[in-house]
Amino acid sequence: MTNDAIAAVFDHVADLIEYQGGNVFRVRAYRNAARSIGSLVESLASVRADASRSLTDLDGIGADLAGKIETLLDTGRLPLLEELEREVPAVAFELMRVPGLGPKKVKSLIEALTIDSLDGLERACRDGRVAGVKGFGAKTQAAILDNIAFAKSPEHDRMLWADADAIVQGLMAWMRGCPEVRRVEGAGSWRRGRETVGDLDLLVESTDPKAVRERLRSWPETSAVLLEGDTKTSVRGPHDVQIDMRVVDADAFGAAWQYFTGSKEHNVALRARARDRGLSINEYGVTRLTTDTTGKGESIAGRTEEEVYGAVGLPWIPPEIREGGDEIALAERDALPDLVTLADMRGDLHMHTTATDGEDTLADMVRAAVARGLRYIAITDHGQRVTMARGLDRKRLLHQWGEIDRLNESLAASGPPPLVVLKGIEVDMLEKGGLDLPDDVLEQADWVVASLHYGQSQPRERITARIVEALENPNVDVIGHPTGRLINRRPAYDVDIEAVIETAARTGTFLEINANPWRLDLDDRHAAAAKRAGVRLVISTDAHSTHGLDVMRCGVLQARRAGLTAADVVNTRTLAGLKKLMKR
Ligand code: DGT
Ligand code: CA
Ligand code: CA
Ligand code: ZN
């Protein structure tokens, strides 16, 4: 079992104990363990296998939980969970999938009303019965109704791109270990860098499909074989994801890669274009349509993707924009954007340290940033409103800035510094308006991110007004994660994003593309709209640990899907170049 799967079991146990009204300390212990496991880089299996270490060395893991982890690693099951699942009605699990409905609320609802399904809860909201339950009311009822729509969306069976990527990388490495495999590439939504991925599509070049099938079957992560044909095999992999693998000849590899990368909409548009030119495109290649009696056209392309696009008079189109929008028209005019790349990124302007809710110290973050080749970073711990993270007040913030001054001096002590550390802060836009630190402090910052973490259920006008006010503050450089959505977990708050973009353009404030795989906020559509309005974007990791810096590539993918070039993203500039673009 993976760390994520074990963390999910512990979270589930916590929910069920809480549902039963069990001991709060016990609930908290399971939740803490789940969080601790979720943030672990190494696998629990490897910690356990290491004779010099013990599972109980991990944060929040005592002897009892260590034993449960061992049971899960050995058997994939947990008797305690099975027992709890028998005791708690199945409808309770279903309702707990609705964002904002914790075990206690679910219990009140099930006890007060006869609800046997998610649909039943939806009806109860529509009939106004939920509003009548003690502790609920009309506002809560409306919020539940919104969130039910969110929970029911089929999108939620899809995995995050970053999780899919880990599986794809692991499987590709495994397949390359097979001598009969000449080449292996990923296709489908994974290659297009979608926020979430339904199933995984891989292509293998080989003349021995049987050996490829055997290799896939014997991958340690394969839990079931779903379909086995001559050239296509589908298996079930980690997190129950389906993996479709196709074996292709070298002659047709480009055509197959193009076809199975999709999107369907892109392929439909490309095929129409081919037909207009008397050509046919499919996964085997591009052929000239003929009227001769053999019915077999002359093959004119297929070995590479460049050949396939070239056959219909187009340059190669980057996968991230193959979504059936205007990419073919742009390619036709030779006006495809030169999309931003990870190598373009010079700085990272949003990250946390142990001063608030980060896991690593200021010095650790700086070292890690230098190791990643960054030329500048901004340390942006939380302002004082974020009490849960021990947010910084004026005194602690000024103290941290003093440390940063000294760090910059020592980095510059023996020649040009590898990196400059900016004195930053992530201020909170308060529920009642305003920011959680005064302007005379913010004036002294090099970089100010303003984010909205509280009062997310306020009405649209309030949320929008809070953000517009922050945009108009001369000390605010960028709005962090502007819509607040968490993919598959929590919808965006209700905000007039057009007003935000328009105000950002007018005030010269940047908008963030938060690179955290759960956030990717702004999304591709909004980032593209911001660009059209003349707003510049910042791609930031919002790292809460040194390895959190590695999600930059997820943010870059989102920016590419939005059609952004390096010029549209300010942290591709040198520090001097960035400063010229800042509004103050
Ligand atoms: P997903 O798996 O839902 O995240 O999205 P995709 O895009 O990976 O979709 P998938 O796995 O069904 O198919 C992979 C690609 O193969 C798809 O993007 C285009 C191509 N493809 C698959 N089936 C068809 C089809 O029936 N017609 C066309 N035109 N293309 C197809
Ligand atoms: Ca797919
Ligand atoms: Ca597929
Ligand atoms: Zn942050």
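User: Where is Asn-488 found?
Analyst: Asn-488 is found in the loop between strand S15 (478-479) and H21. Helices (H or I, at least four residues) and strands (E, at least two) are DSSP runs, numbered from the N terminus. One note before we go on: this is a predicted model, where local features need pLDDT of at least 70 and side-chain atom pairs count only at pLDDT 80 or more, while totals for chains, interfaces and linings use all residues. Residues are numbered from 1 along each chain as its sequence is written, chains are lettered from A and ligands numbered from 1 in the order in which they are written, and side-chain values use heavy atoms, leaving out hydrogens and water.

User: Thanks! What is phi of Asn-488?
Analyst: It is near 65°, a positive value in a residue other than glycine. Asn-488 counts as partly exposed because its relative accessibility is 25%. Buried means under 20% relative accessible area, exposed over 50%, and partly exposed in between, using a 1.4 Å probe and protein chains only.

User: And Leu-520, buried or exposed?
Analyst: Leu-520 counts as buried, at 6% relative accessibility. It has a positive phi too, about 40°, although it is not a glycine. Leu-520 is found in the loop between S16 and H22. In that loop you also find Leu-522, which a cis peptide bond joins to Asp-521, with omega about 10°.

User: Switching to metals: which residues coordinate the zinc ion (ligand 4)?
Analyst: His-350 (NE2), His-352 (NE2), Glu-426 (OE) and Asp-542 (OD) do, at 2.1 to 2.3 Å. His-352, in the loop between S11 and helix H17 (362-371), and Glu-426, in strand S13 (residues 420-428), link distant parts of the chain, 74 residues apart. Both His-352 and Glu-426 are buried. Donors are N, O and S atoms within 2.8 Å of the metal (3.2 Å for Na, K and Ca); water is not among the atoms, so sites may look incomplete.

User: What angles do its four donor atoms make?
Analyst: The angles run from 80 to 166°, and the site of the zinc ion (ligand 4) is irregular. Four donors count as tetrahedral if all angles lie between 85 and 135 degrees; four count as square planar and six as octahedral if opposite donors are over 155 degrees apart and all others between 65 and 115; anything else is irregular.

User: What are the protein donors of the calcium ion (ligand 2)?
Analyst: They are Asp-199 (O), Asp-199 (OD) and Asp-201 (OD), lying 2.2 to 2.6 Å from the ion. The six donor atoms around the calcium ion (ligand 2) subtend angles of 71 to 169°, so the arrangement is irregular.

User: How far apart are the calcium ion (ligand 2) and the calcium ion (ligand 3)?
Analyst: They are 3.7 Å apart, and Asp-199 coordinates both. Asp-199 counts as partly exposed, at 25% relative accessibility, while Asp-201 counts as buried, at 13%.

User: Let's move on to helices. How many residues of helix H23 are buried?
Analyst: Nine of the ten residues in H23 (residues 552-561) are buried, including Met-552, Cys-554 and Arg-561. The buried residues of H23 pack against several elements, among them helix H10 (161-176) and strand S16 (510-514). Just after H23, Gly-563 takes a positive phi of about 80°.

User: Last one: what does Val-500 touch?
Analyst: Not counting residues up to four places away in sequence, Val-500 touches Ile-467, Leu-471, Val-495 and Leu-511; contact means heavy atoms within 4.5 Å. Val-500 sits in helix H21 (residues 497-507) and is buried, with a relative accessible area of 1%.
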